[in-house]
Amino acid sequence: MDFDFSSEHDQVREMVRRFAAEEIAPLASEADDRERFPRELFAKWGELGLLGVRYPVEEGGSGMDKISDCIVREELSYASQAFASSWSAHTHLGIWPIWRVGTEQQKQQYLRPALKGEKISCFGLSEPGVGSNVRGLTTKAEKMEGGWRINGAKLYITNAPIADFIMLAARTSPECSANAISLFIVDLPNPGIEISHLKKEGIKASETGLIHFEDVFVPDDALLGGEIGTYPVILGSLAENRVGVAANAVGMARAAMDASMRYAREREVAGQTIGNYQAIAHKIADMATDIEAATWLVYRGAWLVDQNRLDTAMASKVKLFASEVALRVSEQAIRIHGGAGIMREYPVGRIHRDALVYVIGEGTSEIQRNVIARSLNMG
């Protein structure tokens with residue numbers, strides 16, 4: 001068993017860490033306050049090949065593995081989870097299905113420009129009133145001459161206010177089965193589509209929207225892969241992305257711990273820095289232990305993806321543990337900072353708000369436990 005990263009992985013980490021420190025960290029606080037994403041970052045990510053980490057060179061990608069993808073996510077999230085969230089929604093959920101089953105024309109029109117940062121994508125799955133029951137979605141696509149008519153709504157869609165196209169899940173037949181749900185690539189803006197910008201408590205600089213579709217016509221070639229019933233592609237995308245967002249969580253947790261260590265070494269009480277007090281030192285020791293465990297669970301999951309051996313239960317274990325670690329660590333970071341922890345000049349409050357998103361988004365912790373329990377024949 002080899003637990004070392006390769007020299008190539010180390011080079012990727014160093015490159016992304018330097019870029020994040022120079023280009024992302026200085027923007028994070030202001031973008032959070034303004035609740036606006038600096039769109040020009042996509043072009044920079046494209047130039048560096050960071051949007052194509054997970055995709056083959058022949059498709060316009062960088063030809064790296066899932067471990068590299070998780071390294072990129074971890075380092076981006078260390079600087080700003082909001083920016084990393086927009087990166088993730090675009091580079092995985094928004095275009096991964098095109099790579100898997102898209103037609104050559106769809107790859108030319110959407111995948112390749114997206115890998116360069118020339119087009120921004122979003123993924124339309126969640127709906128008002130439906131929650132985590134993907135098979136219960138109500139957005140409908142009805143066949144008509146020359147294409148499809150779409151009606152419905154999508155909620156909590158990352159990148160919606162800035163996206164050039166949406167990977168849209170819609171019901172193409174009334175029965176509640178996998179074959180009844182299909183994916184469409186829909187250009188934005190589009191007549192009949194209204195996007196509302198949502199205000200959030202976490203990942204505020206990652207723009208999120210509510211989307212209404214009213215008699216939206218899309219041509220036949222908008223159907224992903226020209227195939228009805230691409231629900232399995234959605235499941236595959238979600239499973240792999242759960243390992244990815246777990247890497248995001250590790251990055252957040254690391255940032256919170258490092259901020260706590262800096263503060264504990266500087267803040268003095270009764271003539272000594274608070275890091276010398278056992279109560280504080282033990283909190284940081286617990287943080288370090290949690291992060292170490294989450295890190296290796298995440299990269300074990302990434303390795304399984306690269307071996308084509310990841311199953312849904314393992315993906316849920318990785319996401320559950322890492323997201324809960326990020327939440328615990330960021331809360332303890334606020335406690336270590338005391339009153340300073342709720343001041344905007346310190347990053348730990350923002351990190352905690354962002355971490356809260358990930359015990360809900362990408363499948364709640366309760367949903368992950370349901371998946372794991374079913375794999376153990378517990379119901």
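**Salt bridges and the pocket**

Guide: Salt bridges come to 24 in this predicted model.

Visitor: Which residue forms a salt bridge with Glu-75?

Guide: Arg-13 does, with the closest N and O atoms 2.7 Å apart. The pair links distant parts of the chain. Glu-75 is in helix α3 (residues 66–79) and Arg-13 in helix α1 (residues 7–34), 62 residues apart.

Visitor: Is Glu-75 buried or exposed?

Guide: Buried, at 2% relative accessible area. Arg-13 also counts as buried, at 13%. The cut-off for buried is under 20%.

Visitor: And what does Glu-74 pair with?

Guide: Glu-74 forms a salt bridge with Arg-254, and the closest N and O atoms are 2.9 Å apart. Glu-74 sits in helix α3 and Arg-254 in helix α7, so this pair ties together parts 180 residues apart in sequence. Glu-74 is buried at 4% relative accessibility. Arg-254 is buried too, at 16%.

Visitor: Which residues are linked with these in a network?

Guide: Arg-13, Arg-17, Glu-74, Glu-75 and Arg-254 are linked in a network of salt bridges.

Visitor: What about Arg-335, which residue does it bridge to?

Guide: Glu-331, with the closest N and O atoms 3.0 Å apart. Both are in helix α9, four residues apart, so about one helical turn separates them. Arg-335 is exposed, at 52% relative accessible area. Glu-331 is partly exposed, at 33%.

Visitor: Switching topic. How much space lies in the largest pocket?

Guide: About 1400 Å³. The lining has 48 residues. Nearest the centre are Ser-126, Ile-360, Gly-361, Glu-362 and Gly-363.

Visitor: Which element gives the most to that lining?

Guide: Helix α7, with six residues. Others that supply at least two residues each include α4 (81–93), β3 (147–158) and α9 (312–337).

Visitor: How does the lining split by class?

Guide: There are 24 nonpolar, 15 polar and nine charged residues.

Visitor: One more. Where is Asp-311?

Guide: Asp-311 is in the loop between α8 and α9. It counts as partly exposed, at 42% relative accessibility. Asp-311 and Ser-375 are 64 residues apart along the chain, with their C-alpha atoms separated by 9.9 Å.

Notes. Residues numbered from 1 in each chain as written. Predicted model: local features only at pLDDT ≥ 70, side-chain atom pairs only at ≥ 80, totals over all residues. Heavy atoms only, no water. 1 Å grid on protein atoms, 1.4 Å probe; cavity = no way out; pocket = protein on both sides within 12 Å on 5 of 7 lines; lining within 4 Å. Points joined across faces, edges and corners; volume = space filled by probe spheres on them. Nonpolar A, V, L, I, M, F, W, Y, C, P; charged D, E, K, R; others polar. Buried < 20%, exposed > 50% of the residue type's maximum accessible area, 1.4 Å probe, protein only. Salt bridge = Lys/Arg side-chain N within 4 Å of Asp/Glu carboxyl O.
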